[in-house]
Amino acid sequence: PKKYQFRTMRTKILETADILDEQIDSFTKIIQQHYQIPSSDFNNPSIISQSEIITVGRIIPDNPQVESIQLNSSSLALETSRTLGIGKRIPLDLSNLTDYSLFPGQIVALRGKNASGDFFKINEILEIPYLGSPVSTNDELTTYYENLENDLKILCINGPYTSSKDLDFTYLENFVTKVNNEIQPHVVIMFGPFIDISHPLVSSGNLDIESPTGKKIQTLDDIFKFLVSPILKKINNKIQIILIPSLKDSISKHAAYPQDSYDKKQLQLSSTKNIKNFPNPSIFQINEILIGVSNNDIFKDLKDINKGSPAGENRFDRISNHIIQQRRFYPSFPGSKSQRKITSSNDDEDEFEFLPSSELDVPYLGLSEFNDVLPDILIIPSELRFFARVVKNTLVINPGVFMRPNSSGTLAQITIEKPKIDELTKINEDGEDLYLHDIWKRARVDIIKS
Amino acid sequence: GINGILQPLESTISDAERFKLSKHLYLNCKCGSHFKFGGIVSSNDYQMTFNGIQCKKCMNQLNTLNVTSQLEQRIRSFISKYYQGIVICDDSTCGMITKQISVYGKRCLSNGCKGVMRYQYSDKELYNQLLYFDSLFDVEKNKNQSLRPLYESEDVTKPQELIKGQIDALSEQNRDNFNVCKSIVQKYLSDCGRRYVDLGSMFDFMQK
Ligand SMILES: [Zn+2]
Ligand SMILES: [Zn+2]
């Protein structure tokens, strides 16, 4: 898609600031409408006041030089928008709260008071309203029902596809046989990386690979073309394949998030009709089902400061809830960092080498927001342990990794019952009967070994 | 009209000057040797042969895939560094370095500071880094011996320089290999926003 084709490596600080400001203002409107609060009741939290006020802002560390991992309940602050508080930042006092989960980058609506001028004491965190779920008409659902012979089966597979010891894709090749003969899904969603730019062999100077057909392999892109593409082409052409790039993929020149889709020509897959390339992140539909995918490890990167009941919850549920409330796939700001020391030899240039992490191109983060509705299914791969959870009636899945550094890994198989009208939740909107998809009631997720 | 300081066009600056601050391209050999690659020049660690780069420590020949993959990893490492998005205050008495960005962008987050925030690793520095890597595999630049030197002139370990005839022959023999390496740098340059700014700004003054 065009809007993902922005040029990278050219982030402007003022455009970054514009997006950060807009995020606060757009949530202020959402809160205002939902709670029916007159705009005059929203106030600047950095100004002393005698009475309680309502304010909206971004959670930040109260010391800009502190990294988010070192934060605690007494080191958080709130940043206001230009309109609400001329961008002022004010430390937060959380001592009146019994339940909270807060993280840097989060947009929050607060009720409280700044009595001394030094900090804003929160009395209540106003919950951000949830987006509505997608709906379909009777006709649409009937068509989908009749078109399906059996339940809908979707596989979600997340790279890497080789161990960290080699770039041997035999494992994937064998798995494709299993997909064609045994699993026979309708759709396979495959996440990169296919060839991880940080793979140990890439830097070792000991990479020697031959293609089965004797083609000369001179670049990492050649490995994809001559070793990976032929395997993908072996997948039965009745099975739809959706490829989502990773920030670790060597094949992607767009090494920033949001990330443009793979180039079909470059992969040498132009002739394959059943393979579709989508950007990272993206939202698409399979029959009635709205699926949101993002290949940026928010489950690893989001570190919240929490207390009370949210703390008792499963961490994956808590983060999923934040994603759903914040209405975007990667709500943390700033992004994460990953680096390793270069094996230094003889000289002074001892430095760090950076590895792919979250690569946020902030001015374009609008592309990572949900639109007007919440997807039925969110698939967000993570290095952390696989899981499938239902959070706010949304099915949230991390398939795990296909190959671990030294062994095989996991993938997720989603089986969704055909939509039976009389079992779905009916809602009436403007005199028309519409149905919620209730995917969380109809779906079953199996985490299977790769 | 034209005002301000007249500056030389970037292209008229020598590579030695232009890439002074760029990081070297380090290559690993399977023997564990880790060395700076500076094109077809003399080095204590490697030598160019008609079949590419040879490690002087173990006499192993690095194949094209080894060179391109390490080059690509190095490029991506710089892109990742860029996307760390670290900003720094230009007031030297302030010293604010952070990943936080105010909703005003350029405003410094330290109390009362009037300094202006900018990205620490600039797009210009990254663009130059890519151009430096590109120059190393540029056959014409190698032939003209116009590359940034690998050793400082006062460096006592500096080896004997190659002779022109030798460089010409090695350049021609390595043309194909070098073009594959160059295509790796071009892959990323083609997505680099800075490159298009360069072209745009050339026409800026004509429109005023
Ligand atoms: Zn060696
Ligand atoms: Zn400052």
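## Interface of chains A and B

In this predicted model, 74 residues of chain A are in contact with 59 residues of chain B. About 5,600 Å² is buried between the two chains, and carbon and sulfur atoms give 52% of that area.

Polar contact links 32 residue pairs between chain B and chain A, counting pairs with both residues at pLDDT 80 or more. Two salt bridges cross the interface. A:Asp221 and B:Lys187 meet through their side chains in a salt bridge, at 3.0 Å from N to O. On the side of chain B that touches chain A, several elements each supply at least two residues, among them strand 1 (25–28), helix 3 (123–136) and helix 6 (175–189). Helix 2 of chain B gives the largest share of that side, 15 residues.

## Nonpolar cores

The largest nonpolar core has 49 residues. A:Ile298, A:Phe299 and A:Ile323 have the most contacts inside it. Elements of both chains each supply at least two residues, including helix 9 (315–326) of chain A and strand 5 (87–89) of chain B. Helix 1 of chain A gives the most, with six residues.

Beyond its neighbours within four places in sequence, A:Phe299 is in contact with residues including A:Phe316, A:Ile319, A:Ile323, A:Leu384 and A:Val396. A second, separate core has 43 residues, including B:Tyr46, B:Ile167, B:Phe178 and B:Ile184.

## A sheet in chain B

Three strands of chain B form an open antiparallel sheet in the order 6-5-7. Strand 6 (97–98) and strand 7 are the edge strands, each pairing on one side only. Strands 5 and 7 of chain B run antiparallel and are joined by three bridges. B:Ile88 stands opposite B:Arg118 of strand 7.

Definitions and conventions. Residues are numbered from 1 along each chain as its sequence is written. Chains are lettered from A and ligands numbered from 1 in the order in which they are written. This is a predicted model: local features need pLDDT of at least 70, side-chain atom pairs count only at pLDDT 80 or more; totals for chains, interfaces and linings use all residues. Side-chain values use heavy atoms; hydrogens and water are left out. A nonpolar core is a set of buried Ala, Val, Leu, Ile, Met, Phe, Trp, Tyr and Cys residues joined through side-chain atoms within 4.5 Å. Buried means under 20% relative accessible area, exposed over 50%, partly exposed in between (1.4 Å probe, protein chains only). Helices (H or I, at least four residues) and strands (E, at least two) are DSSP runs, numbered from the N terminus. Contact means heavy atoms within 4.5 Å. Two strands pair if DSSP finds at least two bridges between them. Buried area is the accessible area (1.4 Å probe) that two parts lose on being put together, summed over both. A salt bridge is a side-chain nitrogen of Lys or Arg within 4 Å of a carboxyl oxygen of Asp or Glu. A polar contact is a pair of N or O atoms within 3.5 Å; within protein, one must be able to donate a hydrogen and the other to accept it, and residues adjacent in sequence count only if both atoms are side-chain atoms.
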